[in-house]
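Please open the model in your viewer and keep the selection panel at hand. The stops below go chain by chain.

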Amino acid sequence: MPAVTETIDAVQSVTHSTYKYGFETEIDMDFAPKGLNEDIVRFISAKKGEPAWLLEWRLKAFALWKTMAEPRWAAVKFPPIDYQDAYYYAAPKKKDGPKSLDEVDPELLRTYEKLGIPLKEQAILAGVEGAGESPAEGRMPVAVDAVFDSVSVATTFKDRLEKEGIIFCSISEAVRNHPELVRQYLGSVVPQGDNFYAALNSAVFTDGSFVYIPKGVRCPMELSTYFRINAKSTGQFERTLIIADTGAHVSYLEGCTAPMRDENQLHAAVVELVALDDATIKYSTVQNWYPGDENGKGGIYNFVTKRGACRGARSKISWTQVETGSAITWKYPSCILQGDDSVGEFYSVAITNNWQQADTGTKMFHIGRNTRSTIISKGISAGQGQNTYRGLVKISPKASNARNFTQCDSLLIGDKCGAHTVPYIENRCMTAKVEHEATTSRIAEDQLFYCRQRGLSEEDAVGLIVNGFCREVLKELPMEFAVEAQKLLQISLEGSVG
Amino acid sequence: MSATGDIVTAGNALTEPGAAGFLQRYEGLRARFPGQRLPWLAARREAAAEAFRAQGFPTRRVEAWKYTDLAPLTQAGFGEALTSVDGALPLPRAAAPRRVVFVDGRFRADLSDPEAPVRNLADHLGAAEGLLGSLARTEDLPLVALNTAMFEDGALIDLAAGEDGGVVELLHVTLADRPVAVHPRHLVRLGAGAKLVLIERNWGHGEGRYLNSPVLEFEVAAEAHVTHARLQQEGKGGIHLSTVFARVAEGGTYDSFLLHAGAKLARSEAHVTLAGPKAAAHLNGAQLLGDGQHGDCTTFLEHSAPDCPSRQTVKTVLAGKSRGVFQGKILVDQIAQRTDGYQMNQALLLSDQAEIDSKPQLEIYADDVKCSHGATVGELDENQVFYMRSRGIPEATARSLLIEAFLQEAVEGVTDETARAALAEAVAGWWEKVA
Amino acid sequence: MLKIEGLTAEVEGKEILKGIDLEVPTGEIHAIMGPNGSGKSTLSYVLSGREGYEITGGSATFNGQDLLAMEPEERAAAGLFLAFQYPVELPGVGNANFLRTALNAIRRGKGEPELDAMQFLKLARERMKALSMPEDMLKRGVNVGFSGGEKKRNEVLQMALLNPSLAILDETDSGLDIDALKIVAEGVNAMRGPNFSSLVITHYQRLLDYIVPDRVHVLMNGRIVQSGGPELAKQLEAGGYNSVQAA
């Protein structure tokens with residue numbers, strides 16, 4: 001990912017452990033008291049100087065959350081989470097939000113350097129005053145919003161984007177500066193009471209990214225958010241809202257890491273996308289949260305709700321995800337295809353090694369006519385990992401000529417892991433066509449031997465074959481992300497063969 | 001029809017709706033169930049009744065029942081089939097040279113071929129101890145619990161090693177002139193290398209409401225081969241809820257085909273375990289659903305030994321306001337290396353009021369496996385219809401031919417000719433009838 | 001030089017190689033001929049280190065190194081190349097990426113600098129041109145959707161790129177038409193030189209019209225039963241394998 005390009009090399013020297021992002025940054029933090037109650041919700045809202053309507057919105061979410069239970073249908077196992085034993089607000093101590101990069105805590109900037117995010121470099125290139133930037137080394141410029149624990153710390157390339165009328169900022173800032181947009185769209189795709197984790201997020205979200213692309217504008221660069229959980233015992237609850245107005249076009253990247261810790265940390269994000277007529281949103285994720293150690297200790301619980309609404313005719317939302325990290329992944333980036341001729345896509349690679357568990361997939365709701373969706377899912381299980389594809393294709397009676405094609409392939413490495421496929425197909429439209437294919441296989445012995453005969457080590461051979469297995473998904477990623485993702489796949493599988 | 005036999009009308013009142021009504025029936029009949037003198041059986045019935053009491057009828061909140069609502073069953077009252085009917089019955093033409101007949105859950109010796117290798121369970125319960133409930137779980141399957149508590153009769157087929165049972169039709173007729181609830185229990189055991197072709201036919205006479213809820217258990221020993229063709233042709237108001245269990249030992253084959261053609265509400269579950277190396281299972285099926293019908297084909301196939309192949313092709317054709325459900329799970333245990341599993345389900349929607357819900361599922365814990373599944377949903381190809389019509393074939397015939405062609409792949413899997421002919425007959429002309 | 005002494009090997013408990021003695025001096029090309037089931041492919045797999053073959057006795061050294069103790073990739077880095085009878089398909093793995101990864105792995109093994117993408121492409125294009133291979137084969141998945149002839153040509157291309165000092169050609173001629181056969185033979189002949197040796201395993205004499213061997217060995221029932229000059233191949237062609245057995 002641009003946010004992390006070159007990360008591997010940069011970080012390998014930092015830690016010798018298998019997880020390359022496992023360092024912690026010592027920064028003076030500002031915490032809310034542990035636990036969760038209405039006062040904490042009020043505290044967060046007050047801390048962020050929010051308007052009354054948003055506090056009410058949060059309180060409603062909290063009230064709903066209290067009546068809900070954790071979902072238990074996913075094929076994942078974990079001990080009960082004590083929601084009172086976590087901090088719901090942790091921010092780098094600052095009197096005010098940073099006005100420019102110079103105000104950002106230098107320790108924090110060093111963290112991002114370790115991660116390979118060329119924040120500073122980009123800011124300079126962009127010119128803090130926003131003049132005369134040129135992309136470094138011929139690379140596409142990438143605007144980055146970095147979220148550290150709960151708070152957005154820096155957003156780059158803002159000035160250049162503003163010229164195009166594009167809003168790219170932290171959601172807190174959007175609440176202050178563009179309340180009408182936030183109020184109109186927040187919760188319109190994922191309502192507060194949508195599910196347990198979404199309700200929790202709605203009550204306590206602290207930051208996240210906000211993007212608005214105005215009518216007819218094609219965003220001139222990739223937008224990227226970089227998430228990192230740093231503080232102990234914190235949950236991260238970011239909230240991302242992206243709106244592509246009529247005819248707009250945007251590609252958005254998201255990357256994540258966290259330090260190594262023995263405890264499990266909760267990450268319950270919500271992402272909402274809205275695409276109006278003829279708009280396109282491409283949302284790519286490379287998720288590399290700390291997966292826990294080889295004995296299954298520690299790691300992030302990645303329980304996120306991502307959903308996009310293709311509200312307009314001919315709109316398109318495309319999700320691409322490479323899920324290599326987290327102890328448990330529970331996420332189903334979905335598309336509500338309301339507009340006629342709208343298109344939903346889901347491309348996914350999920351790797352579970354050691355004791356990782358993933359239950360991931362998508363939901364495609366075909367509501368408008370001639371709506372089309374494509375689902376390509378590649379699951380790779382190694383070690384004791386459990387990998388489940390769970391998906392729903394639902395076609396309403398009015399979605400005439402709707403089309404869906406789904407392909408789910410699973411690859412097993414070793415005999416102690418599991419691969420599961422649970423697709424639901426619900427069709428109420430005669431003229432719809434739905435196709436689903438799934439296969440399960442392992443790396444064939446003759447493929448490994450062939451590669452080794454040509455001089456590749458067993459691990460490199462596995463990496464090559466796995467990358468080949470995932471090619472259909474990886475090619476959907478923006479170029480720089482794809483290189484990073486390929487390396488990550490190989491690193492994630494270390495120790496799974498031999 | 002004339003009912004001249006041993007007529008008993010007393011107590012033929014309907015129970016209250018829901019599980020409570022069935023439990024009332026159980027209490028009322030407990031002392032009179034066949035085999036109640038056998039302590040193991042009485043205890044088993046009692047435990048099953050308890051399991052049913054604890055679970056009740058499944059609701060749609062239960063994942064396995066997400067798509068099938070039992071309201072037509074739980075919101076109505078049912079009665080005991082106390083009237084035994086004698087004399088001539090309007091039976092369907094025999095599908096096999098040897099036929100045994102059950103009416104309203106009870107064996108009818110007068111209509112059955114004495115040469116068939118079948119005994120009636122009610123009179124031979126002593127021989128069923130090791131078989132009854134050896135596969136059928138009650139703790140999480142309330143309908144099986146209910147059947148175990150309340151069955152009165154059924155077929156007992158116990159073939160010795162190497163025995164060839166030939167082709168047998170097992171016909172169950174329900175007379176839908178009263179809302180009866182019957183729970184037949186059929187037990188089949190094949191010794192090593194034995195063979196059997198069983199055409200199980202559930203046939204309804206009349207249009208009224210009734211429940212037929214059979215449970216079948218198949219023990220298939222090493223190298224034995226059973227073909228199980230199941231023709232569900234219940235009456236229009238019938239509710240058919242059946243559950244089949246099969247365990248297949250090394251080198252054995254359970255080859256089944258399910259046809260859902262009748263009933264207002266039908267669900268057939270199959271739980272098949274491939275327990276020995278190189279055991280094989282075919283779980284093919286077809287559902288032909290017209291206006292007002294609901295058909296649910298649910299299968300659970302466990303590969304618990306290495307080198308086992310399994311094949312499943314299920315086709316659903318939906319017309320009018322109908323709903324079809326396919327749920328198929330393949331579980332591959334860690335030990336089941338070199339599993340070769342294939343599952344395909346396809347649906348054809350002929351109406352804009354029909355709905356298909358499909359949930360094929362793979363759960364795999366072994367790494368050296370070849371498993372695939374596929375699902376497609378679509379409509380008839382209008383180009384093909386037009387092409388046939390342009391060659392002079394009437395539209396209804398053209399559609400009918402295309403539907404039969406669609407079903408062909410599933411029916412082809414049935415290797416026994418008698419069974420295949422029975423299926424072909426049941427399928428033929430379906431479209432002309434519903435259109 | 002490749003030196004095999006008293007090599008015996010089993011597959012699933014069945015003895016296939018029953019004591020092979022063979023020396024291929026550097027710079028020479030030797031052919032191994034034999035009927036189906038004589039152990040030809042087993043010999044090539046044992047030499048290249050495929051799993052599933054149990055070595056029960058004897059030795060095989062390559063330039064003094066104990067081949068049998070090495071991992072397959074170590075043998076490859078040491079200069080041993082096996083052209084597969086049935087080249088394996090690697091779906092999704094681009095041919096160019098695969099070739100470059102392999103080439104660089106072997107160059108690393110030899111202590112040579114790795115090639116970057118541009119250097120590699122230049123080299124690959126040259127070699128492909130020489131083998132009359134269309135350039136789009138670089139973009140396709142390794143052997144995926146290749147015809148039988150394309151797969152074999154791809155093997156020869158890899159050989160040309162990886163520049164081994166010992167190439168084992170396992171029935172590379174099977175399934176090839178005469179034009180493809182000539183291309184393959186040219187590929188091998190082009191490598192001939194004082195630092196290259198090859199073991200050409202074949203059922204038929206046909207290939208040996210184009211790759212003229214220094215020595216021919218007849219493998220039957222797990223043993224080399226006869227050795228001779230190129231004329232031995234002609235003799236087999238005329239009299240069949242029975243003529244050897246009788247001899």
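Begin with residues 163-219 of chain A, which an unreviewed UniProt entry annotates as "domain: SUF system FeS cluster assembly SufBD N-terminal"; UniProt positions are given in the numbering used here, feature names are shortened, and such annotations may be inferred rather than shown by experiment. Over this stretch the chain is 42% helix and 16% strand, with the end C-alpha atoms 11 Å apart, where helices (H or I, at least four residues) and strands (E, at least two) are DSSP runs numbered from the N terminus.

This is a predicted model, in which local features need pLDDT of at least 70 and side-chain atom pairs count only at pLDDT 80 or more, while totals for chains, interfaces and linings use all residues. Residues are numbered from 1 along each chain as its sequence is written, and chains are lettered from A and ligands numbered from 1 in the order in which they are written.

Select chain B next, which has 8 helices and 21 strands, and whose C-alpha atoms fill a box of roughly 65 × 50 × 45 Å along the principal axes.

Finally, turn to chain C, where an open sheet of 4 strands runs in the order E2-E1-E4-E5 with antiparallel pairing; two strands pair if DSSP finds at least two bridges between them. Its edge strands, each pairing on one side only, are E2 (14-24) and E5 (65-66) of chain C. Strand E1 (residues 2-11) and strand E4 (residues 54-62) of chain C pair over 7 bridges in the antiparallel sense, and C:Lys3 stands opposite C:Thr61 in E4(C).
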